[in-house]
Amino acid sequence: MHSPRTAPATVELVDPATEKVVGEVTVHTAEQCDTAVRASADAQRVWAALPGETRSSLLWKWGELVEAHHREIAELDVRCTGKNLPDALMESHRGARHARYWAGQADKVFGRQLADVPGRLSYSVLEPLGVYLVILPWNAPAHAFMARVTPALACGNSVVVKPSELSPLSAVRLAELAEEAGIPEGVLRVVTGDGTTGAALCAHPRVAGVSFTGSVPTGRAVAHAAADTFKKLTLEMGGKSPVVVFDDADLDSAARAAVLGILVNAGQICAAGSRLVVQAGIAEAFVEEVRERMGRVTVGDPTAKGTMVGPLVSRGQYEKVLGMLAEARADGARALTGGGAHDTGGPGFYVQPTLLDRVRPDMRIAREEVFGPVMTVETFTTEEEAVALANAGDLGLSSYVWTRDAGRLIRMAQAIEAGVVHGNTTLVMDSGLPFGGFGDSGLGGAYGEDAIAGCTRTKRVTLRVADTPLPSPWPGV
């Protein structure tokens, strides 16, 4: 007599704009993860043996398919995350760009010839790691998928993707398009599930490298899980990015950038400019300008025309942000605008665009990443004070400086302890531009040359080419 088979565990997918269940995702077990990784290892040997030109052609075809289906992919992310549709369309379009960029790199992953002595030739080669694990965040699912997967594939790895349980739909579709493009079966796998699934994959001995994007605590757990088998790690974690505005800046552009930098995707961006650090002499007028511009922003249904800011991704994130706002007010912060839930007259996890002043450096709201549409205000008098405020805390991902003084801009870029410094611009991202954090914000980088370093290993080869007898330091030997 057969015992009844237990149904697999699932997680419901909830549309954060409507609070309706729009699907479910299977939670893969440790045994299923093991099967997926072992099959991926077999597929990797086939993929790595292909000429770089062939991998290049297949990645290009995949990019073309992603471009052709980018609206469908964007709509899947909107359904799961509440992301504003125009933003989701932009991100899925950029995903196709990643495929094309790395298609161009797939046959150009070279080592180099090394200086040596006469009679010997030494050179290095870059080899794929093998099975590469990509753990995705929920805030930009399709874009993060393409940005992290394409360099690993270009370098000859197979890739196992574990999407967030909040936003797995675009990952599944992108993997289908990869197979349609002709990428061999098993080279790219999506394994769905929750934290237990991710932990099983991280600990698997056949996984040779991990790219993780998410919170600092989870990143630490990933690093611990990877340590026992010495996996190569790329970690992109939290940010608490300063927007430093000097009194000689283009204040109109700076105010516009400040609003965009904290409200795009409802502030759920690791590089969001969440700390406004403004020179005291212009602080009152500039902060008022930012406050007034925030008031013009339309919050609501992410699929409706004219909506600028949608809901937060989940009830848990919604309650976390509201709790941090309540705590900040209790500690003495003042909401110049917003400060609580946004009432749309219906369901949804909406939070008001919020600008807080009277914020002290010791407050939690000033130190920790909120990941919501919340900006704090601090003031400075001297350049030295601006640097000290910009470098406060343990997170050093991105930063933004506004000034017309070129010398000051260079000095600030040198002094700010962050992986990326933007001068007189909003966030800039591209496939070939390095992007990674300092301190608790991360380890390594997932773009440009850093991405190649993160998913390859270096082998040095030394060949003796002299036709003379091998010299020996031991006489008679």
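**Ground rules.** I number residues from 1 along each chain as its sequence is written. Since the model is predicted, local features need pLDDT of at least 70, side-chain atom pairs count only at pLDDT 80 or more, and totals for chains, interfaces and linings use all residues, while side-chain values use heavy atoms, with hydrogens and water left out.

**Entry 1, six strands.** I looked up the strand order of an open sheet of 6 strands and found E7-E6-E5-E8-E9-E19, with mixed pairing. Strands (E, at least two residues) and helices (H or I, at least four) are DSSP runs, numbered from the N terminus. Two strands pair if DSSP finds at least two bridges between them. At the edges I noted E7 (188–190) and E19 (442–443), each pairing on one side only.

I then checked E5 (residues 131–135) against E8 (residues 207–213): they pair in the parallel sense over 5 bridges. Leu 133 has Val 210 in E8 as its bridge partner.

Helix H5 (residues 141–154) packs on this sheet and touches E5, E6 (158–162), E7, E8 and E9 (232–236). Contact means heavy atoms within 4.5 Å. The direction of H5 makes about 160° with that of E6. Axes are lines fitted to C-alpha atoms, for helices over the stretch in contact, and angles run from 0 to 180 degrees between N-to-C directions. I also found helix H7 (residues 195–203) lying across E5, E6 and E8, at about 155° to E6.

**Entry 2, seven strands.** Another open sheet has 7 strands in the order E12-E13-E14-E11-E10-E16-E17, again with mixed pairing. I noted E12 (334–337) and E17 (422–423) as its edge strands. E12 runs antiparallel to E13 (residues 354–357), joined by 3 bridges.
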